[in-house]
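Please keep the sequence and the structure at hand as you read.

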Amino acid sequence: MDTDAHWLPPNIWSEQVSHRGLVPRPGPVFGNYPLRDLPLRSTSPMVAWAQSMLAAPAKPSPKQDKTLLNQIQRAEKTWGGLNSREFEERLATLRVRLSVSGFLPELVAEAFAVISLQVKRHLGFSLHDVQKQAAWWMLGNRLVEMATGEGKTLTVLLTAATAALAGVPVHVMTANDYLARRDATQLKPIYESLGLSVAWVMAASTPPERQKAYQQNVVHVTAREVAFDHLRDRAARAALDTPSIVLRGLCMAIVDEADSILIDEACTPLILSKQVSQREADQRYRLALFLARQLVQTRDFVLPGQGAVRLTEEGSTLLASLTKSLEGPWKLKRYREEQVCLGLSALHCFQRDVDYLVREEGIHIVDGNTGRLAVGRVWSRGLHQMIAIKEGLAPQAENETLTETTYQSFFPRYHALTGLSGTVFEGRTELMSVYGLPVVRAPLRLPSRRQVRATHVLGTADEKWQEVVRRAHAEAQAGRAVLIGTDKVADSDALSRAFAAADVAHQLLNARQDEASGEAEHAVIAAAGLPGAITVATHMAGRGTDIHLSPEVLQRGGLHVINTNLNPSRRIDRQLYGRAARQGMPGSCECVLSWEDEAVRPAMASGWQALVWRLGTQILRSRMLAVWLCRGAQQRKEGVSRHQRWSLLVNERLMARQLALAGRQDWD
């Protein structure tokens, strides 16, 4: 194996301590701020996968699962026959045994039994075996694929409460602030009946509020908030500012919609920064944009994709000529080309209403994975300011980076990491290589009744929107509820205009809604299950809220889902389709595309359009285009994305190695 085969040498990180069988919590064994050393793995993704497979826990056998379920059933009868005093004594004994012995099957069965009883007492229904089985797998540091509507929230409750009974500080990662507060509030009586405390952290939470919240047994919080709290703690620890530390370490994380966080947002830069004075920055941004506008695409620069810009030899020569009279750093080739390439990115790679919105005299980034506004996030190196100038706005002050990380470097620092999602199985190889997490599939409690209809391909985008309106209106008139998924804010706006032109009532849900108003979003989702309701949403898959259907809708065939764009990842498409036919209910889904869609353009460029049209039948067109060509394009895009994420991870770890060697303690 080559000299760079491991992320970091043993002399940089503290020596690994064997914690097998112990539960991670602050104390003499794990320290006051438990933090896992970065795993030593190969720079080759396949070798790293093999290393992780050897170290990963094996999935319990069907016989072991059945034994556990029988133990839970017997324990429920025992717990149910206890009086108040006996209940408290037995619960106290269980907590001590869990904290000393860890998650042994017989202790987990006891914990699941008492939690299940409290769920029944407070919510009025019993947990089913699939939920108990999935929670048991999650306690073993695994990711679970659990279909939409199978009860993921209460599965997380089983896992979190059992770990908290053992004394483990638990971070439950939810999709947004609203869901963090909602789940913590709704589940609080159950936690309290077990002698546990629960809290939530939101973007608006103050440092004292955060510090108090993280002292509780279970904290519901978004991944972004807890990651930035850890970055602030890291900076405080480097400065020996102990009173400013808010977390109790990284003991256990339970990630809902795990594939969205651990894969789709894995490389999202999380940068802790502070504002610095503007100085001459504004003039530099405007000059870079002015120079960028003098260059001609193809002749002077090319756009390879993924937001990248590359100057041609002619462009580099022209730029040198344009800046020959300038002083200072503009005489340096690397500096002027970097600044102008940023300007070209701002002009050509980032689109209004697709990558960002202009609101309240500012530029607000749209998260490409969730379709939500990325509140508080800004592009670095002056790109954010250049986009503001492009839109005629005053650029905000520059930021100086204090410390940074990404999710794929942050989450491996947890001593215990688990999660679940409706579509995590496709990413199992990458999740094993990067995080060392095996993926298991939970069975459906009831057989699926989802009807998958044929894909339809129209000539132009306008024709596609008209066809979507026609199909949605027909389903709504039949008394069904319709959910339409779009890829971009601009697409949802275009479809909304098409509905308005046809005088068809509908609801629109995209990043233009105020991100802080989770209640407003919840109201839209609540109405989406009524007879005749048509809801248009960008990246519905990431919203984390179930659509509850009325009895009338169920009688008429359930929810109908229309996908209007093939996403770069098939997981996102599958998660959107998973909104229909939940829990054995009826439902259907279909895909409507056009030749102008991004996923279809390669087929047009290669001459497939004329060939497919000449073949005549709609079914053959749909099969060849959507299944063969477009799905192949999705697989290629996913492969490129995996390679890019892995390359970034290698670079991050090598940078951490260099900074640690240089004595930068804020990068530990």
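## A tour of the predicted model

A490 is found in helix α18 (residues 489-501), where helices (H or I, at least four residues) and strands (E, at least two) are DSSP runs numbered from the N terminus. Residues are numbered from 1 along each chain as its sequence is written. The model is predicted, with local features needing pLDDT of at least 70 and side-chain atom pairs counting only at pLDDT 80 or more, while totals for chains, interfaces and linings use all residues, and side-chain values use heavy atoms, with hydrogens and water left out.

A490 and V354 lie 136 residues apart along the chain, and their C-alpha atoms are separated by 6.1 Å. Leaving aside neighbours within four places in sequence, A490 is in contact with D353 and V354; contact means heavy atoms within 4.5 Å.

Buried means under 20% relative accessible area, exposed over 50%, and partly exposed in between (1.4 Å probe, protein chains only).

| Residue | Relative accessible area | Class |
|---|---|---|
| A490 | 28% | partly exposed |
| C267 | 23% | partly exposed |
| C591 | 4% | buried |
| T162 | 0% | buried |

T162 has its place in helix α6 (residues 152-165). Not counting residues up to four places away in sequence, T162 touches L98, F103, A111, F112, I115 and L139. As for cysteine pairs, the count of disulfides is zero, with a disulfide taken as a pair of cysteine sulfur atoms within 2.5 Å.

### Helices that meet

How do the axes of α11 and α13 cross? Helix α11 (residues 281-292) and helix α13 (residues 333-348) have axes that come within 8 Å and cross at roughly 75 degrees. Axes are lines fitted to C-alpha atoms, for helices over the stretch in contact, and angles run from 0 to 180 degrees between N-to-C directions. That makes α11 roughly perpendicular to α13 (angles under 35 degrees count as roughly parallel, over 145 as roughly antiparallel, 65 to 115 as roughly perpendicular and the rest as oblique). On the α11 side the contact is made by R284, A288, L289, L291 and A292, and on the α13 side by Y335, Q339, V340, G343, L344, A346 and L347.

The buried residues are L383, H384, Q385, M386, I387, A388 and I389. Just after α14, G392 takes a positive phi of about 80 degrees.

### A seven-stranded sheet

Seven strands form an open sheet with parallel pairing, in the order β3-β4-β2-β5-β12-β1-β13; two strands pair if DSSP finds at least two bridges between them. At the edges stand β3 (198-200) and β13 (439-441), each with a single partner strand, so one side of each is left without a neighbour in the sheet. Neighbouring strands of this sheet are turned by 20 degrees against each other on average, direction ignored. The partner β4 (residues 218-222) runs parallel to β3 and is joined to it by three bridges. A199 has V219 as its bridge partner in β4.

### The whole chain

Stepping back, the protein chain has 24 helices and 20 strands. Of its 668 residues, 53% count as buried. Among contacts in the protein chain with a separation of 6 or more, 74% are between residues 24 or more positions apart.
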